[in-house]
Amino acid sequence: MKRILITGGAGFIGSHLSERLLAEGNEIICLDNFFTGSKNNIRHLISNDHFELVRHDVTKEYYAEVDEIYNLACPASPVHYQYNAIKTIKTSVLGAVNMLGLAKRCKAKILQASTSEVYGDPTVHPQREDYWGNVNPIGIRSCYDEGKRCAETLMMDYYRQNKVDVRIIRIFNTYGPNMDANDGRVVSNFIVQALQNQDITIYGDGSQTRSFCYVDDLVDGMIKMMNNKAGFIGPVNLGNPSERTILDFAKLIIELSNSNSKIVFRPLPKDDPTRRKPDITLAKEKLDWEPKIDIKEGLLKTIEYFDGKINANK
């Protein structure tokens, strides 16, 4: 049994990771300040003797004896990370400093959940890990983009200077149950609108692309990266290389949810990436990982989840 700390453990991805690692026989400390995380996501785990829930903000130091740290804490949708931009960048930077300090003291392995946003609005397609990105350092998204880039820098400096056992993953668009209906992300927006037969809002002309990975596949990749013993520390892209336009994605959700929604168009937000697709060659080679869950299968599970939430609130 390993003692594993998950920051942001009550969030969308963190709750799935908590459940999976607990089921594998580990002891879990779930750390969350509930800014975007929810107790409802992990309520069914609280009665387990090997699960501990701690309300804590990672910008403050935290002390525990742990074997592994998954550092996921940070609002990840534009609605949430732009709400308090200073808080967002402090969460990424100070959170990384505090968790790396803990990892150094405990001699624990630490995995940093970075993001495809480190590539900005890419001029290279698909995005490979050796691409340095095209990020606006003073834009409205930079609190998140640059915060995550700085967290990667800290991981590498602690690795080189203090020999901390670090791993870096770059998460591309991920979806599934436990997403927040009001987080402003494409999947949750489209599904909630479709289930209520509301107009589906597309920002821009819908020609921009995204690649969507189901959360179970992502969690598999995260655990494989943490357990990797080949000396590979990343960064490594984790995402689905199946690229589709936002317009096609909206049409698919209307079809799968049997919706009568119509599609409407709004202006594109500033610095919104026009293309996003991971090159996962490195993940295949180093981790023997690639997504397995088909987009239709994953969306049907996600639609069922949101349908249940909407009906429960009626």
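Helix 5 (residues 142-162) lies across strand 5 and strand 6 and runs at about 155° to strand 5, where axes are lines fitted to C-alpha atoms, for helices over the stretch in contact, and angles run from 0 to 180 degrees between N-to-C directions. The model is predicted, and local features need pLDDT of at least 70, side-chain atom pairs count only at pLDDT 80 or more, and totals for chains, interfaces and linings use all residues. Residues are numbered from 1 along each chain as its sequence is written, and side-chain values use heavy atoms, with hydrogens and water left out. Helices (H or I, at least four residues) and strands (E, at least two) are DSSP runs, numbered from the N terminus.

Together with strand 5 and strand 6, helix 5 makes a right-handed β-α-β unit; a crossover is right-handed if, with the strands pointing away from the viewer, the path from the first strand over the helix to the second runs clockwise. Strand 5 (residues 109-115) pairs with strand 6 in the parallel sense over 6 bridges, two strands being paired if DSSP finds at least two bridges between them. Within this pairing, Ala113 stands opposite Ile169 of strand 6. Strand 6 also pairs in the parallel sense with strand 11 (residues 236-238), over 3 bridges, and Asn237 in strand 11 is the bridge partner of Arg170.

Because 6 of the 6 residues of strand 6 (residues 166-171) are buried, this strand is largely enclosed by the rest of the structure; buried means under 20% relative accessible area, exposed over 50%, and partly exposed in between (1.4 Å probe, protein chains only). In a regular strand the side chains alternate between the two faces of the sheet. Both faces of strand 6 are covered, with Val166, Ile168 and Arg170 buried on one side and Arg167, Ile169 and Ile171 buried on the other.

The open sheet is formed by 7 strands in the order 3-2-1-4-5-6-11, with parallel pairing. Its edge strands are strand 3 (51-55) and strand 11, each of which pairs on one side only. Neighbouring strands of this sheet are turned by 20° against each other on average, direction ignored. Strand 2 (residues 27-32) pairs with strand 3 in the parallel sense over 5 bridges, and the bridge partner of Ile28 in strand 3 is Phe51. Helix 1 (residues 12-23) packs on the sheet, touching strand 1 (3-7), strand 2, strand 3, strand 4 (68-71) and strand 6, and its direction makes about 170° with that of strand 1.

The largest nonpolar core has 59 residues, of which Leu17, Tyr70, Met222 and Leu299 touch the most other members; such a core is a set of buried Ala, Val, Leu, Ile, Met, Phe, Trp, Tyr and Cys residues joined through side-chain atoms within 4.5 Å. Leaving aside its neighbours within four places in sequence, Leu299 is in contact (heavy atoms within 4.5 Å) with Tyr175, Val187, Ile191, Phe249, Leu252, Ile253 and Leu256. Another core, of 27 residues, lies apart from the largest one and has Ala96, Leu102, Ala103 and Ile233 among its members.

Several loops contain backbone exceptions. Most residues other than glycine have a negative phi, and most peptide bonds are trans. A cis peptide bond joins His125 and Pro126, with omega of about -10°, and Pro126 is found in the loop between strand 5 and helix 5. A cis peptide bond also joins Gly234 and Pro235, with omega of about 5°, and Pro235 is found in the loop between helix 7 (215-227) and strand 11. Lys107, in the loop between helix 4 (85-106) and strand 5, has a positive phi of about 55° although it is not a glycine, and is exposed, with a relative accessible area of 76%.
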